[in-house]
Amino acid sequence: MVLPDGMSYRILVLPQIDRIRPELLKKIRDLVAGGVTVIGPKPAMSPSLQGGYPDADAEVQALADEIWGDLDGKQRNKHFFGKGLVTWGLPPAQVLALLNIPRDAEFAGPLDSNFVWIHRRAGDADIYFVANRTDREMDLQARFRVGGKEAELWHPDTGAIEPAGYNIENGLTTVPVHLAERESVFVVFRRATTNSSRVLPRVASTTLATVSGPWDVSFPPNWGAPEKIQLENLESWTANTNEGVKYFSGTATYTRALQAPQTWFHPGSRILLNLGSARDVAEVSVNGKALATLWKPPYQVDVTDALKPGTNQLEVKVTNEWTNRQIGDRSVPPERQVLTRAGGARGGRRGGVGAFGRVPTLADAGLLGPVTVLSISEK
């Protein structure tokens with residue numbers, strides 16, 4: 001079966017119901033006759049009165065007898081029809097084994113239901129999209145039903161393409177895949193190769209320093225927060241005793257001096273600044289040079305070309321969402337509210353209860369850390 005967008009399928013899985021329109025059942029008959037495998041129960045009647053009752057039911061039963069034959073889903077569970085196959089009562093994994101189709105992809109590692117993947121082909125290229133929807137890192141051994149092609153990793157957030165290590169055996173290719181929390185990547189096979197394996201140099205990471213306080217934090221005027229505060233330790237704005245900071249929504253700027261000894265700098269190594277955690281978007285500058293806007297884990301940026309031995313000026317602008325300010329405005333009189341509605345009226349009713357009686361929860365905000373400086377190099 002080939003869809004208009006080019007996606008193709010060998011197996012059609014029907015829902016576990018016994019009702020189907022005659023028009024749809026005729027199309028299923030044509031698909032099976034042409035070679036498609038169907039997994040699903042034998043229909044018994046039409047869900048609609050269209051076509052007349054009981055004529056539509058009789059037509060469904062006749063078509064089902066033609067396609068499913070004498071299957072009962074228990075003792076008899078497979079029936080060949082035309083060039084295709086119909087099964088009832090067999091799990092999909094068993095049907096795939098019956099058709100000698102190995103798993104399209106298998107993943108060894110700390111998986112759960114929040115790990116997802118999908119495969120499609122574009123010309124001669126096999127493209128697998130894999131996504132980690134958890135809040136933890138994943139190191140996986142991924143095995144794909146592809147042989148004779150080298151593996152690449154395509155990063156959708158940056159557009160970067162890099163070679164991947166792989167091992168090809170019995171028409172299957174195993175690729176080590178590291179995913180940060182909430183990260184996704186395309187594993188792409190597009191170039192033929194005669195090499196059965198490729199081992200990439202190991203990247204070694206060393207922590208050079210932890211950037212502790214004090215941090216100077218400045219806030220924009222007229223947004224309810226003080227002009228500037230100093231934090232000895234990084235923490236969420238919501239933990240601050242100053243209500244202007246606690247409920248602040250917008251962009252605040254963290255600054256501090258960073259001492260970089262000459263021993264940090266080595267040919268062939270790169271220096272990274274890792275912010276730990278930030279809520280929600282962080283813009284990083286070193287010595288006045290804007291380097292990156294970070295919006296997801298890992299909140300990490302290469303600072304090699306901006307950092308110099310000696311004293312450096314580090315600036316991190318962090319922007320959070322509007323939720324906290326909205327919650328804060330609900331708890332104060334109108335004259336103390338910060339946000340305004342369209343037309344200039346002060347917004348929000350007083351009280352701490354939100355829609356449907358729920359008590360709103362403040363979301364962590366600001367630079368949370370720990371901030372570290374890392375050195376990476378190939379071994």
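This is a predicted model: local features need pLDDT of at least 70, side-chain atom pairs count only at pLDDT 80 or more; totals for chains, interfaces and linings use all residues.

**Salt bridges**

Modeller: Let us begin with Arg 270, which has a relative accessibility of 32% and therefore counts as partly exposed, since buried means under 20% and exposed means over 50%. The partner of Arg 270 in a salt bridge is Asp 305, and the closest N and O atoms of the two are 3.5 Å apart. This pair links distant parts of the chain, for Arg 270 lies in strand 19 (residues 270-274), while Asp 305 lies 35 residues away in the loop between strand 23 (300-302) and strand 24 (310-319). Asp 305 has a relative accessibility of 61%, so this residue counts as exposed.

Elsewhere, salt bridges with shared partners join Glu 150, Glu 152, Arg 190, Arg 191 and Arg 198 into one network.

The structure holds 22 salt bridges, and one of them is formed by Lys 26 and Glu 59, whose closest N and O atoms are 3.0 Å apart. Here, too, distant parts of the chain are linked, with Lys 26 in helix 1 (residues 22-33) and Glu 59 in helix 2 (residues 55-68), 33 residues apart. Lys 26 is partly exposed at 35% relative accessibility, and Glu 59 is partly exposed with a relative accessible area of 33%.

A further salt bridge joins Arg 76 to Asp 70, with 3.6 Å between the closest N and O atoms; Arg 76 has a relative accessible area of 37%, so this residue is partly exposed.

Terms used:
Residues are numbered from 1 along each chain as its sequence is written. Side-chain values use heavy atoms; hydrogens and water are left out. A salt bridge is a side-chain nitrogen of Lys or Arg within 4 Å of a carboxyl oxygen of Asp or Glu. Helices (H or I, at least four residues) and strands (E, at least two) are DSSP runs, numbered from the N terminus. Buried means under 20% relative accessible area, exposed over 50%, partly exposed in between (1.4 Å probe, protein chains only).
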